[in-house]
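Hi there,

Here is the structure I promised to pass on to you. Have a look at it first, and then read my notes below.

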Amino acid sequence: MTHRPLGLYIHIPFCRQRCDFCAFYLEIHHENRAETFIRSLMHEIGLSAQQHVTPNRPIQSVYFGGGTPTVLAATQLTSILSEIRTRFNLAFNCEVTVEAHPSTISEEYLLRLRQSGVTRMSFGVESMEDGDLVRIGRPGAVTETVAALTQARAAGFTNINLDLMYGLPGQNLESWKQTLARSLELAPTHLSAYALTVEQNTRLATNIQSQRSPGPDEGLQIEMDEAAQRILSAAGYERYEVSNYAKPGYACRHNLLYWTNGEYLGWGPSAQSYLGGTRFGNVADLATYDTSLAANRLPNEDRTRLSDKEQLRDAVIFGLRLIRGIPSHQLHLHATNYGHAAVTARLLAQRLIEEDGERSRLSARGILQADTIAEQLY
Ligand code: SF4
């Protein structure tokens, strides 16, 4: 019996403080709340293993995200991973990623993660200019990022991602290029470059409204995206998704699951799951999450069973984010299913989507409008 790949996502809902642009569900880290959360999480893992997964189904990836997973002690993270190993069958080459803020770790901390089977570190860097970090209310300094990379290598990590953002308040094309150049000096195997988006109800949105911060400049963001593509390609990184670049062989296997309509289970408050054609999410509230698990109930809500048409729609929308694109017959079947034939024809005529007879993919200009195209095809 063959199995589709399955990934596990663990949402650690704590940070030391909230960055100005961040709209994720999270709480400010407190020792006691973290201990209660870990008890709940262990319980969720056990219940989820019983209710959701065929025994022995191989797990291809485990991803600790957040929040900031590394506000937890290394022993807390390794005990979670050890519980997962007890309950699930991790494939021999399972990718195990931990997201980290550079100022929360040490070499000894990383060594413990490495020894427990973590294979990949993903550092939330955002910018290599201290001034940018201050302007987005993000704690930490560039020197800590540089130190974190040295510590990760000393601890034995070879698979390292840096998360960057562009279009930050006060950032210009030159300073973005400088961030890219300084990031390349650290020789990561993977780089993510996300355009800053202004989410409602964030401090950044308030600052822009009250004109304490400049709003995003779409034209500049496009120039920054083009610069990233040029500079990172020249340095040997392959753009494999709209916002993601990797050295050959280092694409993130966990995130590829999302873009290829693969299956995943998410644990922790607000985590999302997709299994057996059904999407479901956890309640985005730590207290309710804890109470539910204390009562021996999975904290799931918003369960949606997707029809075949809807599953194809999601495969098309997510798959078009991949630079390799999707089989063309999927795009055209989806267009027929949803009455998008005219819009699809227009996107092809405008060469925002290109086809080579077998596959359909966003063109270089289409990549710059990926979100708008996805909205039109939904
Ligand atoms: S560290 Fe990450 S998750 Fe935490 S507040 Fe900042 S952006 Fe949000």
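Below is what turned up, grouped by topic.

Please keep in mind that this is a predicted model.

Let's start with the charged pairs. Side chains of opposite charge can pair when their charged atoms come close. The structure holds 16 salt bridges. One of them joins R138 to E126, with 3.7 Å between the closest N and O atoms. This pair links distant parts of the chain: R138 sits in the loop between α4 and α5, while E126 belongs to strand β6, and 12 residues separate them. Both R138 and E126 are buried. Another salt bridge brings together D314 and R313, at 2.9 Å from N to O, and these two residues are buried as well. E354 and R351 also meet in a salt bridge, at 3.8 Å from N to O. E354 has a relative accessible area of 30%, so E354 counts as partly exposed.

Next, the strands. How many of the six residues of β14 are buried? The number is zero, so this strand (residues 300-305) lies largely in the open. Strand β13 (residues 278-282) runs antiparallel to β14, and four bridges join the two. In one of these pairings, T278 has R305 of β14 as its bridge partner.

Now for the surface. D217, E218, E223 and E226 form a negative patch there. D217 lies in the loop between α7 and α8 and is partly exposed, with a relative accessible area of 43%.

Finally, V142 is in helix α5 (residues 142-154). V142 is buried, because its relative accessible area is 5%, under the 20% cut-off.

Enjoy exploring!

Key. Residues numbered from 1 in each chain as written. Predicted model: local features only at pLDDT ≥ 70, side-chain atom pairs only at ≥ 80, totals over all residues. Heavy atoms only, no water. Patch = residues over 30% accessible without salt bridge, like charges linked within 9 Å, V, L, I, M, F, W, Y side chains within 5 Å. Areas by Shrake-Rupley, 256 points an atom, 1.4 Å probe, with all protein chains shown as cover. Salt bridge = Lys/Arg side-chain N within 4 Å of Asp/Glu carboxyl O. Lys, Arg positive; Asp, Glu negative; His and termini not counted. Charge placed at Lys NZ, Arg CZ, Asp CG, Glu CD. Buried < 20%, exposed > 50% of the residue type's maximum accessible area, 1.4 Å probe, protein only. Pairing = 2+ DSSP bridges.
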